[in-house]
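Please examine the sequence and the structure before reading the solutions.

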Amino acid sequence: MIRVVFVCSGNICRSPMAEKVFVEHLRRAGLDRHVDVCSVGTGGWHVGEPADPRAVEVLASRGYRGAHAAAQLALEHTDADLLVALDSGHARALRRMVRDPDRVRLLRAFDPDADPDAGGGLDVPDPYYGSRRGFDRVLDMIEAAMPGLLAWVRERL
């Protein structure tokens with residue numbers, strides 16, 4: 001079983017969105033029985049809370065579903081086969097925690113069209129303090145990375 005953990009700040013916006021999208025894409029590809037997926041936040045501000053209502057709304061508008069309760073990054077998560085950071089700050093924090101920093105990747109590194117030299121690099125911006133439009137933009141970025149993530153899984157099966 002391959003373990004994949006998505007990581008953002010509070011685990012109520014970006015990482016649960018990525019988790020729900022990836023789970024659905026795994027299901028559609030017939031790979032869901034081979035991959036255990038979860039999401040966590042680097043901070044504990046929202047532990048136990050559901051995903052941000054704007055995230056839930058945007059996900060539902062594109063056919064993604066699933067309950068969520070925010071969790072904080074813990075030692076047991078660092079043994080995952082792949083730790084997917086939503087921005088470079090999360091990636092730095094994860095690399096300090098794991099024995100093999102090569103298991104830490106930015107989500108947008110799986111999108112061949114993402115430009116690491118563009119403003120913001122490969123970071124997925126935090127939509128929390130903005131409007132729903134920011135959540136739509138985040139979901140676009142997440143969906144663009146799915147083919148690359150599925151290819152990563154297939155290479156390891």
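A nonpolar core is a set of buried Ala, Val, Leu, Ile, Met, Phe, Trp, Tyr and Cys residues joined through side-chain atoms within 4.5 Å. Buried means under 20% relative accessible area (1.4 Å probe, protein chains only). The model is predicted: local features need pLDDT of at least 70, side-chain atom pairs count only at pLDDT 80 or more, and totals for chains, interfaces and linings use all residues. Residues are numbered from 1 along each chain as its sequence is written, and side-chain values use heavy atoms, with hydrogens and water left out.

**Exercise 1.** Describe the largest nonpolar core and the elements that supply it.

*Solution.* Step one: this core has 36 residues, and Val 4, Phe 6, Met 17, Phe 22, Leu 107 and Leu 149 are those with the most contacts inside it. Step two: at least two residues each come from β1 (2–8), α1 (14–29), β2 (35–41), α2 (53–61), β3 (82–85) and α4 (132–156). Here helices (H or I, at least four residues) and strands (E, at least two) are DSSP runs, numbered from the N terminus. Step three: α4 gives the largest share, 11 residues.

**Exercise 2.** List some residues that Phe 6 touches.

*Solution.* Contact means heavy atoms within 4.5 Å. Leaving out residues up to four places away in sequence, the partners of Phe 6 include Phe 22, Val 37, Val 84, Leu 107 and Leu 149. Another core, of 14 residues, lies apart from the largest one; Leu 73, Leu 94, Val 104 and Leu 106 are among its members.

**Exercise 3.** Which elements cover the buried residues of α4?

*Solution.* Step one: the buried residues of α4 include Phe 135, Ile 142, Met 146 and Trp 152. Step two: their cover includes β1, α1, β2, α2, β3 and β4 (104–106).

**Exercise 4.** State the order of the elements along the protein.

*Solution.* Four helices and four strands are present. From the N terminus on, they run β-α-β-α-β-α-β-α.

Conventions. Buried < 20%, exposed > 50% of the residue type's maximum accessible area, 1.4 Å probe, protein only.
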